[in-house]
Structure formats: structure tokens, C-alpha cells
Amino acid sequence: MASTLEKFIHSLDPRALPRVLQIQSGIYFQGSIYEMFGNECCLSTGEVIKIIGFKINKLIASICENNEVSRFSAKVELPLNFPGLYKVVADKTPYVSIEEITRKVSIGPTRFGHPCFYSPEDIKLSNLTIKHGEQITFNSVEKVNGTMAVNCGVVRNNQSHSFTLPLSQEGKFYECEDDQIYTLKEIAEWKIPKCRNRIVKLSNTLHTWDASNPLPENFDGCLILTPVYEVQAVMKFRKDIVHILSDLDVEVKDITDCYDISSFLQPLSLEDVFERTSKEFPMVAEIMEGPSGSQKPYNLLHIGKEIVIYKKYQATRVLASEIRSDSPKRHFLIPMSYKGKFKRRPREFPTAYDLEIARSEKEHLHVVATKAFDSPHKELFSVSVGDQFLVQQCQTSEVLYEGRKKVIDVLACERILSDTYKKVLLPMYMEGGFVEVIHDKKQYQLSEICKEFRLPFNVKVSVRDLSVEEDVVAAVPGLQFEEEITDSYLLISSTSSPVESWEIPVYRLNMSVHLLSRDVQTVVPPATKTMVEEISEEQYYMVRRYENQTLHPPPRPPKKPT
């Protein structure tokens, strides 16, 4: 049965991809030629296309009154980077089964992918009863004892209880109120269910307003958001990926079940390639969709280029951020093979507890106080701006507090005077301010810093990497090395001139290839080039989020005695 492309995509479950569609009829711009993102494609009646993916491209917004579109509201287009922070209004229409929730709602590994629901009825499980109205957090979907189920949790008396709900579980499930705030992009990626609109409320008034803003001036109400998808498709006789907006006025019919899907080229993302077994490497591929960027090797990876993919592997990078008080900061991933050298820069410490974390056995940590602190205990030292200390060790000390003796954690230091040292104790909870005094003038390789010092660590480039044309970190006045991360890479080279090979990141490069049934002439890759990768703010938080998922948060600094 034919339907509009818009209706088909709005109801399509991503897990059902790929799908083969036949164009039934439509109205086309300039005849039957449709251009999108620089790609022209012919969508004539009878044409067959394979849908390989889709994502929200923009949102159509209408002003909402009483959960309905206002009679006086015109529809406006909002790009995903439209400014403002928004609260999600809970959908009052229930879901009728767990299966429907998993089909329509995004559930994933990040904090955005843990939606919460409640049931108006008790749910009795073998070892637990979920009470009516109790908030259920959906964490992940997986197979449990051969049956697809959702891993869920409820919190009672500050304790989390985990359980699973099978997809076959029926009942009424309502969205819980969400007190978080989101950007429009986060809402588009995680908070718009399939086949449903989403109502959001502007949480903070836009700082600036001008005539180009599609929303009324001083608007602080609710909006109904309807997504417009960008559809990625493969056509029968083309070697690139075409992009079509879902609101294109065209009718389609799903013919997947009666069509030989293997007759299309099979595009593979870098993630798809990485999931192949190690025995399948090396392989020859042709690029169907290349990344943007003028930096090598990205400027060489254009559509139609043939490459050799030698192997997949994990490699270590140091995550570094520009040191500056204002934002935005620049962020970098620096390979261990970086050939430049670094000199130390002073670190800043907001509390005495941070001094304890940073101290090492290798050298005494020498700091200057930048903020005064008046100790409430006569046994402990009061700090003045300009006082200098050598940090010794953490210990405990007995203090008099409200007439009673208490034992608290303190930091033993030596205060530097003009011609002597004086032992003093600083309370670990002290909120002061300290700046490191650097005596070390040595130049370090990256690997030496990671081996000898505890991160985070402040540096500046003293000798740039002469093996690359442009060393992007050399011009940065100061860098903070935050942590070592392990990331996934593919090693590639050009088939036409394999004089050097390049590492390309699997999860940060938007690139698609299709494999060619050709043998690799040279199994041993040429000399490998690694590069410093500058990453966006969003990529920075994703790298840190995934890297720290299995780590416990650091202990909180001690509080004042009570």
C-alpha cells in the first residue's frame, strides 16, 4: 500500500533498515530532478531506492495552547542549533506495551537515553511488585534467557532495585514528568518518539532577539515540535549516497520483501567496517560519502576514492584542553607518537583537598596562596594571600569544636618563610586558592609526562612537531592534559599512491564506503602517519562520558565538622 514518504519515515523503526522503496507518484522540483546537500537525484515514478538511514534534520514548531496547536500560530522552521534550553512536557497519551515503548522511544547508553514511565496499576513480578505511580527508569534493551526485555530500575529509600520487563508486557504506561533541561539538538536526538509530536516549554528566555527570530519577542510558552528527517538512500545506478528530506511531496511503496536487496551497493559506515573480524583485513573499498575538512587525510577522502583498509585496532590518545578562563575552549586528542616537546605550566588548585590529590612522591608540590582563609580552629593555620607552602602529606588532627574534641582530616605543609620553614596544618575542607610554583625547566616528551606525572597536568609546547606540516597545538598558549583515553581506529592508505598510511577515528568520522572484490597488492602498510585531532565541544563530552562510564567518581572532599 502506498503512503507519503513523510508518513512512511515517521513510522519506520530504525531496526527494520534497510528498506527498499518504489516511487509511486510525486511532485518534483524542476521536473524529476531533486537536489539536496549538493546531490542531484532523479525520483521518477517507478524508481527504486534503498533507505539505509535517517535522522532529524530540522523541526517544525507551532505555538501550543492547552496541549493543542494555537489557532493563531503559524508553523515555523527551527534548525537543530536554534538557541535556548527547553523542558520536555510529559506526553499524556499512554503507551500500551513495553514493545511499543522500545519501538518508539530512544533507549541508549547515555543519560539522555534513560526514559522514565509509570503505570497506573501495580505490576507484580516474581521477586518484586512495582507500585502504581512508581517511576520506572528504562536503561537498556537486551535478550534475557532468550526473550527480549528491558532492563529497568526503581529507587526506594535511596536504594536502586533492578529488574527486567519483557517486551510482551502489556498495560498502560505514561511518561513521567522530566525536570531536566535540554538543547533543541538533544531533544531531536533523544526525546521525540516515533509517530508522535513533542511538546516542549522554553526554560530560559533567549538572551538576544531580532527580527530574524521566527518566535514572537519575549516568548516563554510551549511549542509543539514535528520532526523533518533527512533520509540517506542508495540508488540503483549510483555510487554515492543521496540525501532526501522526508517532507518531499512523494508517494512510496515498501517492496523490500519482494526485491533482491543485494542488487544495490552495500554502504558501510566506519563502525560497520570495524565490526568485521580481523581475518577479513586488509580490504579494498571505494568511498561513497567522504568527510569534510582541509586537514590531511580528510582532504584526500573524497567520493570515488579507492582506499586500502589494512587493520582495525585500539590506540591511546591524551585528551587535552586549551587553558583559558573564558569559553569556548579548544579540545585535542594527541597521539603518543607526537614528536613535539612540552614544558610545564603552573596548575591551579581550588581546595586543600586538590593539593592532596596532586602531590607526588617524586617532588614536593610548591604552591602560593591566592585567596585568604581564616581558620575556625586555633590548632589549624589561617592562610593569607601570598603565603607559600610545600605540601607534605594527609593526616588527622584533633581540634576543639563547640567545646568538644573532634578528629578531622588535615593537610600537613611546610610554610616557607624568608630563611626557614614552619610546619602548619591546613583543614582538608579548606576552600582557598593555590597556584603551583614551577622549578622544573626540563622539556618532556608526551610519553614521559604520562609516565612520571599524575593527570590533569598543565603544559605548553616548547618544541613543535617538525614531522607534520601544521602542528595545531603549537600555537596554543597553554594546554591541560586531562586523561589518557583508548579509542578505535582504522589504518588506511590510497590504492593509487600508497606511500603513507593514516589512522582514522571510527566514531568521529562521517564516512561511508562499499567494499570492492579485489585483492590487496601490498599486505604490509606503508609508514604510518598519526595526527593531532581537534574535536568539537560535543565530541569532547562524548569522549569523556564513554571513557568514564566504568570509573567510579572521585571521593568528595571532607566537609566542615558538624
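Modeller: The count comes to twelve aromatic pairs, where rings of Phe, Tyr and Trp (its six-membered ring) pair if their centres lie within 6.5 Å, with planes under 30 degrees apart called stacked, over 60 edge-to-face and the rest tilted. One of these pairs joins Tyr444 and Phe453, which is edge-to-face because the ring centres are 5.4 Å apart and the planes stand at 85°. Phe453 also pairs with Phe457, this time in a stacked arrangement with 4.5 Å from centre to centre and 25° between the planes. This is a predicted model, in which local features need pLDDT of at least 70 and side-chain atom pairs count only at pLDDT 80 or more, while totals for chains, interfaces and linings use all residues. Residues are numbered from 1 along each chain as its sequence is written, and side-chain values use heavy atoms, with hydrogens and water left out.

Buried means under 20% relative accessible area, exposed over 50% and partly exposed in between, using a 1.4 Å probe and protein chains only. Tyr444 is buried at 3%, Phe453 is buried at 11%, and Phe457 is buried at 2%.

Elsewhere, ring pairs link Tyr95, Phe117 and Phe138 into a cluster. The ring of Tyr95 also has the charged end of Arg196 over it, 3.7 Å from the ring centre, a charge being over a ring if NZ of Lys or CZ of Arg is within 6 Å of the ring centre and within 35 degrees of the ring normal. Lys312 likewise lies over the face of Phe274, at 5.2 Å from the ring centre.
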